[in-house]
Every structure is written in C-alpha cells, then in structure tokens.
Amino acid sequence: MTNYIYRNYTVEYLFDKRYVFSGYGDVTEPSEDFDNYIIFYQLNPSSTPEEQKVEIESIKSKISYILNSEIRERIIILTLYREANKDWQMKSPELFDAINDFNQNFLKQLSLQYKNVKLVDINTFYQSQYPPYIDWRFFFISQMIINPKLEKPFRKWFEKQMEVLDLKRKKCIVLDCDNTLWGGVVGEEGTFGIKLGMDYPGNCFKSFQYLLLSLSKKGVILTICSKNNLKDVQDVWENNPHNVINDKVLSAYRINWQDKASNIKSIAEELNIGTDSFVFIDDNPIERGLIKELLPEVEVPDFPKKPYELVDFFWQIYHDYFAVYELSEEDLRKTEQYKENFFRNESKKTFANIDDYLASLNIEIDIMKANEANLPRIAQMTQKTNQFNLTTKRYTEEQLREMAEKGANIYCANVKDKFGDNGITIAAIFIENNNEVHLDSYLLSCRILGREIEKVTLLKLIEEINRDKNKQIKAQFIPTKKNSIVADFLDNIGFVPIKTDEETGTKHYVFDVNKKPNIKTFYRIKFI
Amino acid sequence: MEDEIKMIMARVFEMKIEDFPAEINQSTIDNWDSLRHLNLIIELEEAFDKSFEPEEIGEMTSIEKIMEIIKK
C-alpha cells in the first residue's frame, strides 16, 4: 500500500515509510501512482483569526484543484483541527464557525460529489490526548503542526481510521450477564437485588445496556453467553424494568453451565458468521483467558475494574471493533426522519406562556404502588430527600415493607417527558385508620420541580385514596433547616391549617374537599 | 551520559555506534538532517526529562554541545 500526502505543514514525523509527501502547499499531481491520496491541510495556529479565515479559503481552492485532477484512487481528506479558545467573541466566534462550515458543509459536499473521497475527522484524534496539541517550540522551529510527543497516538489513530475506511468491522458481541450487564449475581441476589437502575453502581450498568442497545440498532449483533440458570436470567428479562438487553434484542443466547468456547462456536454456527467477527465481553479474567486460548481469532478486550468506567469502555469497544465510515442507507434514512421530527418540534414552536411550554413537554406521570422492584428506591428517597419533603421521616426498606403489610398505602411515581425519563422521583405514604387518612410522607426529587408535577400528583393520589370513602385527609408540615420550599405547599393545593405546635413549628392541616384548586390539564397521569 | 546519547543517535540516525566518526556533529554525519535533528531532540527530551528552548535546539548540533546543554 503506497500513500501520497498533500500537506502544508511538517507532518513527516507522524507517518511511516509507506508515505510520500508533497512540498509544502504543492498541489501538483505526483509523477508516480499511489493507492491512497491523503489531503492533510491545516491552519496556521499562530496567525490571527482573520488570517486563518483567509487560509481556509485558500485551502478550499487547493482541494478543489486536486479533486479536479485525474485521481481515481481513494482520496482521504482530513478535517481542520478546531480550537475554540483562540477567537474573538463568544456569541459568534467567526473562526470557529468558519472551520465548522469547512468541516461540515464544504467537505461533506465534496464527499457526496466525489465517490472516491472519504473524510477523516482529526478532531476525534485529539479528544483523549493529554499533552498540548501544539508544542509551540517545534511549530516555530519547523512548522510541526501537531505536538511531536503525540506521534505514537497519532499513528495509532490514523491506522485505525484507515482500517475503518477499509470496512474491517466486527459483527457480533458476546456478553456475559453477572457483573457485566448488571452488578452482582442474579442467582444469589435475585431479579431486583442485582445492581441495575437509577443509582450507583446500577446506573453505570444501565448506561452500558442502553449504549449496547443503541449499538444493536446500528447493525451490530448482540448475543449472551453466560453461566447462569436460564430461569433466573429470564426472570430479569421479564420483570426487571431497567433491563433492556433481553430476548427481544438478542440474536442468540447460551445461558447454561457449559464452557464458553463451545457455546460461542455454537452461536457462530447458528448465526452463520465466523468466530473471527466476534468480540467477547466478560468481567471474569478466567473466562477471557479461556477464550483467548481456545479461540484466538475472537477479540477479547479487558473489562474495566470499576463500573463508572463502563461508558468509556463501551466507546473504546466501539472505536476498536465497530466504528463505521457510513451507515447503510436504511440506517441513514432512520436518522434523517428522526432529525426531521426533532426540528419540527424544536424550531416551529414559540411559547406564549409557561403553560404552553409545559403542555409541549408531554409530561407523563406513572403512579404505582410500592412493590419489590421499587421499594429500595422509595426507602432511598426517604433517606436522601431534604428539600421537597413535608415531614422528612426516614425509613429503611424493611420498615417500609412492614408498614405496607400493616396496611399503609405507599406509592411512588415515575416522571418522564419528551426529553427523557427521570425515573422514580416521587414517593408518598398514606396511613389509614378508622375515620381519617394521614399523609405520613410526601417527597419529590428536586430534578423534577418547577413544573407543578408535585401538585397534580398529590391531588391525584388523594382522589384515588378517598374514592368511595369520604374520610378526612390530614397532613403535616414539619419544618427543618432545609425544607422551607414546602412551607406553603399544602396551603396552595387546598389544605386548611388547623393548628401549629408552638415548640416544633409543625403545622397540622386538613384537606378541604370543597376547595377546587386550579389544576392544569396537560399532564398524563395514570396508575399502573 | 555520552553513551546514552550515542545510543539515541544511533537509533535516530539509523547507524551503528561503531560507525560514528571521532568528531560527532551535524557536518560529519550524513543522516543528521533537519528532520532527524528534531527527532533527536524529542528523544533526548524524553530520555533526560528536559524541555529545550528553541535557541538551544538550534545550537545542539554536536555531541559536546548537546551534553553541555543537557547538563545546564
């Protein structure tokens, strides 16, 4: 493979001997033929933003000239490096905008016009590097456009980009379950005991699962090979709402106690793809060692030690094995449609008032009774919520379970809107006796405040609790140093104060059924 | 230190240490061109944990001068 590089700065030190270089800024066609032509033009980082904008225009004309020549082989164009901090104003950074325009419009247009043109974004290279991008000493001595200390990472990165252009992509991921797709061992800790959900470390595994799910929609096959009782894993698939990697998205699975090498071979046969297209992901180094030994053609990346490293781990796997130059037309069409919807929603709307805005959010509140899946979360909310908390009573999971057994009505609610799912962010506890219902606790996570969700949810709950009963509803506000934001909350939704304890400041209320508080209608609230 | 510098030079200039002339400077070594000069500087910075000033880089054209500047 021979390569010719059109360049305007010193870049020789970044490439090995298979590359031949043009003179600085020389656009003439080389006399011999090469397999790849690489256009590596960059801006002079020491010149003024205005000068650099002029340089962009000159680079455009150079590139157009090269493309108009008779080169039929592959032409790889590197984008311009983009530095945000050397520009005049924040609102419209002219140079930054001009570079973006070059990278995103000019080059994209060329790659559509010329089928042999491929783009490589240099900005993906520098993202995870630590020494400065430019070492000014070497730039001013000899026009080295990238810090020579970055030579090795640059080579590795560039090789990777070339492989991506050559479509060397793996096809299939084989996943383990325990401590890979979730924290803990499902056989011991059970469907709801495994760590998977809204809190650390379960939120790491949840993110990992969603990234994998999203990857599967980009044409990568997901499979599971784990040593578990099939029934335990199927119970997670059916009942744990946070688990999204299940039989609906898996193309094959082997959940048994046989050795993983035979299982992977049998998956390969079932799916009719070679084991050299497989990437094996397992937290257990012994299993990884076994696969490396018995199936050396399978890629076996090291698994991260800490759950919070899973997101980086995912993207490392993506870039190492599944990066793709362009998605198929089918995929692109999907992306386009999605984009159109997004713009329809975003750009055509202007809001006359806050209600219009709230109505546009499509807020959905799903209220559910406490169960084994959400009890840990409710207990945790009572422990952690300080601000929007009427009584600040702290409960453990066990206490809540016991209260429920004695007849307390414990509810929680999941709140989502068009921007995403906030998860379980509301909890309420009602204790009933002969002729009254007492609101023991009511609390909300601060991330959903400011949308009147706190009001409609409690009113909906009171309506549900009091249906056909007509009992008196009592409530308290117990002041603490941190919960002043709820001091007037009960007054605002139709409760009437009956007395205040002198010593503690606790205010006692009773709900006035005749008061009709003004409730907005654009929330979708349902009991599930 | 001299031996270590020679080893680095041998690698950068793609030569054997035995083939070095008695006087080691830019005019006695053909492969010591301007690009390899910078490669040499980068390797020296790494090996001796130094960061040379541009003026120094321009002066470091003989092994004596290189040692003098590293010792600074």
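1. Pro201(A) sits in the loop between α6 (186-189) and α7 (202-216) of chain A, helices here being DSSP runs of H or I with at least four residues and strands runs of E with at least two, numbered from the N terminus. The peptide bond that joins Tyr200(A) to Pro201(A) is cis, with omega about -5°.

2. This is a predicted model, in which local features need pLDDT of at least 70 and side-chain atom pairs count only at pLDDT 80 or more, while totals for chains, interfaces and linings use all residues. Residues are numbered from 1 along each chain as its sequence is written, chains are lettered from A in the order in which they are written, and side-chain values use heavy atoms, with hydrogens and water left out.

3. Chain B places 12 residues in contact with 11 residues of chain A (contact meaning heavy atoms within 4.5 Å). The two chains bury about 940 Å² between them, 71% of it on carbon and sulfur atoms, where buried area is the accessible area (1.4 Å probe) lost on putting two parts together, summed over both. Of the area that chain B buries against chain A, 49% is supplied by Leu35(B), Leu38(B) and Ile42(B), more than by any other three residues.

4. Three salt bridges are counted between chain B and chain A, each a side-chain nitrogen of Lys or Arg within 4 Å of a carboxyl oxygen of Asp or Glu. Lys149(A) forms a salt bridge with Glu45(B), and their closest N and O atoms are 2.9 Å apart.

5. Asn179(A), in the loop between β6 (172-175) and α6 of chain A, has a positive phi near 60° although not a glycine.
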